[in-house]
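Visitor: I'd like to learn how to read a sheet in a model like this one. Can you walk me through it?

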Amino acid sequence: MAEPILAVRGVSKIYASGQRALEAVDLDIRKGEIVALLGPNGAGKSTLINVICGVVKPSSGTITVGGHDAIRDFKPARMMIGLVPQELSVDMFETVMATVRFSRRLFGRPGHDAYLEQLLKDLSLWDKRDSKIMELSGGMKRRVLIAKALSHEPDILFLDEPTAGVDVSLRRDMWKLIGSLRERGVTIILTTHYIEEAEEMADRVGVITGGRLLLIEDKAALMKKLGKREMDIALVDPMTAVPLELAEWSPSLENDGATLRYVFDAQAERTGIPSLLRKLGDMGIAFKDLETSKSSLEDIFVDLTARKEAA
């Protein structure tokens, strides 16, 4: 198996105040994959990214980027990384093209205007290349941050809440851009509140809460392993309570008693559906429709974080 392009081992961050922002995080990222890190505010997502990118110094642990020790051999490690922060960090009086050129030179890259032109076109910024940052809309400013992060042609791109507060159009454009970057072999790690982003784009999903990485798994495997299915049975006559004879299946009543909901494990050898339907027939409980649905990544995330808080 190939060496990971990014390896994080036992990384923690404890601030002078005593606040523990990260707790011994281990993480391997493979070249060319998209990893989404999910977690509530204050979970440690931004701290983890800032530690990896050298913005924040870790309290313990090691970080290896493309074979380079990110702490002792900072410069070549940082050359491989592009970071799109949450906060706007640009000179408002500078033009778009000058900002992107300057960022490229900061990393010691030689001039390559053809690359920068294509980059700005990909981000729908080419027509604004001579505009000052202060003249741009919030969405356009966010695009400039991405252009800055990609200006030196990094191998790994970090996107910290890339679509927080942006309109649906920009969100779709960014999804498209992320897809095209992956096709070029760029490794992408993003933090997001929007679970549909993870569901749409990510190969693997990590869940962070309380500074701990609870898990990181292939998205499909995670949803298969932790996802439940629901069957909603539309009753002909609404019920006021679930009959005791149905206790074995633990169904619930929804829609003012008009729907009987049964949650089951689709991977189990016996789902319980045939026996439940037979029981309803034996009891003379008529139904007019039924449909099944599977839990979303959001359901799984809520369930995992609730379990962690209860522990």
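**Reading the sheet**

Guide: Let's start with the whole chain, which is a predicted model. It has 311 residues, and 44% of them count as buried.

Visitor: How many helices and strands does the chain have?

Guide: Ten helices and 14 strands. As for contacts between residues at least 6 apart in sequence, 69% join residues at least 24 apart.

Visitor: What holds the strands of a sheet together?

Guide: In general, strands pair through backbone hydrogen bonds, and the pairing can be parallel or antiparallel. Here, six strands make an open sheet with mixed pairing, and the order reads β6-β7-β8-β3-β9-β10.

Visitor: Why is one side of β6 and of β10 left without a neighbour in the sheet?

Guide: β6 (81-84) and β10 (212-218) are at the edges and have a single partner strand each, so one side of each has no neighbour in the sheet. From one strand to the next, the twist averages 15°.

Visitor: Which way do β6 and β7 run, parallel or antiparallel?

Guide: Parallel: four bridges join β6 to β7, which covers residues 156-160. To find your place in that pair, look for Leu83, which stands opposite Phe158 in β7.

Visitor: And which strands does helix α1 touch?

Guide: Helix α1 (residues 45-52) packs on the sheet and touches β3 (34-38), β6, β7, β8 (187-192) and β9 (204-209). The direction of α1 makes about 150° with that of β7.

Visitor: What about helix α5?

Guide: Helix α5 (residues 138-150) also packs on the sheet, where it touches β6 and β7. The direction of α5 makes about 170° with that of β6.

Note on methods. Residues are numbered from 1 along each chain as its sequence is written. This is a predicted model: local features need pLDDT of at least 70, side-chain atom pairs count only at pLDDT 80 or more; totals for chains, interfaces and linings use all residues. Side-chain values use heavy atoms; hydrogens and water are left out. Helices (H or I, at least four residues) and strands (E, at least two) are DSSP runs, numbered from the N terminus. Buried means under 20% relative accessible area, exposed over 50%, partly exposed in between (1.4 Å probe, protein chains only). Contact means heavy atoms within 4.5 Å. Two strands pair if DSSP finds at least two bridges between them. Axes are lines fitted to C-alpha atoms, for helices over the stretch in contact, and angles run from 0 to 180 degrees between N-to-C directions.
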